[in-house]
Amino acid sequence: MDELFSEVFKESEIFANREVLSQHHIPQTLLFREKQIDAIVKVLTPSLRGERGRNLFLYGKTGTGKTSCMLNIIGKIKELPISKSRISYINCRIYNSRYRVFYKLMSDHLPMYAKRGHGITEIYERLINWVEEDGKILIVVLDEVDMVKDLDDMIYTLTRSNSDIKSGGVTIVGISNNISFKDELDPRSLSTLYENELVFPPYNSNELSAILKDRAAAGFKEGRIDQEAINLAAAIAARESGDARLALKIISVAGELAESKKAKSVTAEDVSQAAKSAEEDIAYELLNTLPEHEKLVIYAVAILTMQGSKYKRLIEGTDTYIFSGEVYSRYASLAQSMEKEFKTTRWYRKCIIDLEMQGIVSTYESGKGIRGHTKLIKLVYPADKIKATVEKSLFKEEMV
Ligand SMILES: Nc1ncnc2c1ncn2[C@@H]1O[C@H](COP(=O)(O)OP(=O)(O)OP(=O)(O)O)[C@@H](O)[C@H]1O
Ligand SMILES: [Mg+2]
């Protein structure tokens, strides 16, 4: 064998199974989520029995286990011996319009009819007839539902189908990490969707430690990562956001670092180093998925942070806070320079709340004194890197 490829077949000294540590792995048991899982199953029980049930909405910050819990439950539902229900899991980041969602339902359940070119009405009617055939319940799980462009239309069509269906019905489970999602919905869709809602709280440091310990036991070889390293990764992730995805990413990257150094085990130092790059990676991935105007707002904060205009900047320790009003004016002029209509200040206030929730900025309400009550904004990650990332994704199309 060529020396060049010797690494390919070499067994890892650190990892037993890297896949278990990946964010795509769905663990058999989800720690600290019994209450949520029980509650979801309870709400879905009538639907599983073939009776019309209630819709359900799950929300909570990123990495709090919403997708994992739902996929775990779906796996178990699919093992049930008989059920008058059918279930579809739809990732709305991919199926991001009413048409795509309906097309996905069609290809899940009536693949023989799923041909391109069918209009929405035809798909809708076929699905309704299929539900009515034997009065089944179709459970539609819409993960990251806020990504659907024509959200109101989609929810309206799905919920309205229950008045067209004579026997059987459709139950919706919506999932979102955007707490202000509700404000975007038409009150008419809101009232039909929100029959039950469940919040997934962020994990604290002890919970993250236990989650990591569980995954590390399968992911790492015995004795290759110690408790101290795990606790540190958990503490860092808990401090940032209570995000289990971040905690997992930190220990995987730490494992890679230890491996590349040909070390015997993962140390707390590897974890600190990994934490830095893992947090940044996650933030940059997230930036790429933001809608255009949110990107412009972040871009404005990054530019102002780097320029640090003389009198409007506030230095708190080593952190640079920027006045919220200043960010808005910069955003507005950026939008104008791109010949886009800028959004209202009301939209902007909500946007900042969303960005804070996603862990991209942090804000601080100044007390009286600095121009009355005003909001100060700070980037969580280095401004130059944020600026470069946003530039790449924002101006990509304009440059070609
Ligand atoms: N209670 C838990 N026990 C074990 N692993 C968990 C738990 N909660 C989350 N995880 C792991 O953390 C990662 C992120 O979880 P998940 O994707 O379910 O989060 P989410 O709430 O859907 O986040 P987002 O809002 O970003 O989609 C996954 O790898 C998952 O396996
Ligand atoms: Mg998710």
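Predicted model: local features only at pLDDT ≥ 70, side-chain atom pairs only at ≥ 80, totals over all residues.
**View 1. Residues surrounding ligand 1.** The shell around ligand 1 consists of 23 residues, and the closest of them are L31, T62, K66, S68 and Y203. By residue class, this shell divides into seven nonpolar, ten polar and six charged residues.

**View 2. Polar atoms facing the oxygen atoms of ligand 1.** A polar atom in the side chain of K66 is placed 2.7 Å from an oxygen atom of ligand 1, while the backbone of Q23 brings an N or O atom to 3.0 Å from an oxygen atom of the ligand. At T64 it is again a backbone N or O atom that lies 3.2 Å from a ligand oxygen atom. Ligand 1 taken alone exposes 630 Å², of which the protein buries 96%.

**View 3. Elements and domains around ligand 1.** Two or more residues of the shell come from each of the elements α4 (66-79), α10 (205-219) and α12 (244-260). Because domain 1 (34-200) and domain 2 (203-287) both give residues to this shell, ligand 1 lies between the two domains.

**View 4. The pairing of β3 with β4.** Strand β3, comprising residues 137-143, runs parallel to strand β4, comprising residues 169-176, and the two are joined by six bridges. Within this pairing, V141 has V173 of β4 as its bridge partner. In general, the strands of a sheet pair through backbone hydrogen bonds, either parallel or antiparallel.

Methods. Residues numbered from 1 in each chain as written. Chains lettered and ligands numbered in written order. Heavy atoms only, no water. Near = heavy atom within 4 Å. Polar contact = N/O pair within 3.5 Å; in protein donor to acceptor, adjacent residues only side chain to side chain. Areas by Shrake-Rupley, 256 points an atom, 1.4 Å probe, with all protein chains shown as cover. Helix = DSSP H or I, 4+ residues; strand = E, 2+ residues; numbered from the N terminus. Nonpolar A, V, L, I, M, F, W, Y, C, P; charged D, E, K, R; others polar. Domains from an automatic or database assignment. Pairing = 2+ DSSP bridges.
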